[in-house]
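Hi everyone, thanks for making time this morning.

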Amino acid sequence: MIVMKTGATAAQVDEVVGEIKRNGLRADVSRGEFRTVIGIIGDERGVDFARLENLPGVKEVLRIETPYKLISREYNRLSDSADGDYVVRVGDVEFGGEEPVYIAGPCSVESREQVFRIAEGVKKAGAHVLRGGVFKPRTSVHSFQGLGANGQDEAREALSWLRDAGKEFGMPTVTEVRGEGVVDMVSEYVDMLQIGARNMYDQDLLTKAATKGKPILFKRHFGASVEEFLSFAEYMAAEGNKDVVLCERGIVPVGKGKSYTGYTLDLGAIPAIQKETFLPIMVDPSHAAGRRDLIFSMSCAAIASGAAALMIEVHYNPAEALVDGQQAITPEELKETIQACGRVHGVLAKDRAKGR
Ligand code: PEP
Ligand code: MN
């Protein structure tokens, strides 16, 4: 990491970047309010740090050992001399701003009528972003795979329903890109790309998705440590895309007996991650709980833990949902949940201002 002197010229920054490139590596240039910091992307072993240190305009060269330096608070602090959180904008919705963001919608897009009806319901309930899966990650090949599995035309049709419902009710949209092959097509329709828990480790998918210039909702794998989660988020930052919203969605439960939840929601990870990175971190209580009667409590707990947003699966008739009906709540229940979360958020506002 190269810290430039205050007032270093653009030509001096270019020279440092050129030197990094000559070593076969890439550079991330972060222009802060007070100074510019340049992060080296790649294997630094061959870098001549003494030479870099002596280039004009360079204040100092720091070795940062963390595998996620580009998204680290440390990096941000160096360039901005501020501890500010990063706000990710999706349309006019701000993740990481003052107020929590609510993403809601069906697990999977099933018909035009279904998406429009749910979109109307969640908008009225107070949601800001519309979700809906077109390419579903499923454990069994015999389960419904999402309408996208029926072919290109069907995928485009389902994506256009989601886009149109979002437009109709004034919400940006998010859907999962399950593999590299669908990233270009999906990007034509939605405002935010989701990388699902199962694909957290797919670095080619992350790299490809990051190049589309769209914000990304990045879910933690259910077996991943926080360090791994952040290290893979770094792949997107390395492509120049820091518009990444991290999402905790539960990790594999321990013990032999019944757990009573689908996964174990790791809420301690929320404040822990906030100390490591400036990227916003949110919670998906639906996939964590795996049952609708826990969504209200877990949503409130997630907001209390400091989550910047929630993603909740909603259906007007959960019994008829093709996927994840057991964890879907109704638009009316979503409304009660959002209102309660608002109260929790309000109660803690003063404490947050103190940096707790
Ligand atoms: C989803 O949000 O649609 C989903 C499949 O979640 P996860 O990747 O967390 O299992
Ligand atoms: Mn689901």
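Let me start with a convention: angles under 35 degrees count as roughly parallel, over 145 as roughly antiparallel, 65 to 115 as roughly perpendicular and the rest as oblique. What you see is a predicted model, where local features need pLDDT of at least 70, side-chain atom pairs count only at pLDDT 80 or more, and totals for chains, interfaces and linings use all residues. Residues are numbered from 1 along each chain as its sequence is written, while chains are lettered from A and ligands numbered from 1 in the order in which they are written.

First, the overall picture. The protein chain has 13 helices and 14 strands; these are DSSP runs numbered from the N terminus, H or I of at least four residues for helices and E of at least two for strands. Along the principal axes, its C-alpha atoms fill a box of roughly 65 × 50 × 45 Å.

Now the helix pairs. Two packed helices are described by the angle between their axes and the distance between the axes. Here, axes are lines fitted to C-alpha atoms, for helices over the stretch in contact, and angles run from 0 to 180 degrees between N-to-C directions.

Take α4 (residues 112-125) and α5 (residues 152-168): their axes are 9 Å apart, at an angle of about 30°. That is why α4 and α5 count as roughly parallel to each other. On the α4 side we find R112, V115, F116 and A119, meeting W161, L162, A165, G166 and E168 of α5; contact requires C-beta atoms, placed from the backbone, to lie within 7 Å. By class, the contact of α4 with α5 has six nonpolar, one polar and two charged residues. The classes are simple: Ala, Val, Leu, Ile, Met, Phe, Trp, Tyr, Cys and Pro are nonpolar, Asp, Glu, Lys and Arg charged, and the others, Gly among them, polar.

Next, α11 (residues 295-304) and α12 (residues 331-347) have axes that come within 9 Å and cross at roughly 30°. So α11 and α12 are also roughly parallel to each other. Among the contact residues are F296 and I303 of α11, with A340 and V344 of α12. This contact of α11 with α12 has eight nonpolar, three polar and one charged residues.

For α7 (residues 203-210) and α8 (residues 226-238), the axes come within 8 Å and cross at roughly 40°. Q203, L206, T207 and A210 of α7 touch F232, Y235 and M236 of α8. Five of these residues are nonpolar, two polar and no charged.

Finally, which residues are around ligand 1? They are C107, G133, P137, E176, G196, A197, R198, K219, R249, D284 and H287, each with its C-beta atom, placed from the backbone, within 6 Å of the ligand. That shell divides into three nonpolar, three polar and five charged.

Notes:
Two residues are in contact if their C-beta atoms, placed from the backbone, lie within 7 Å.
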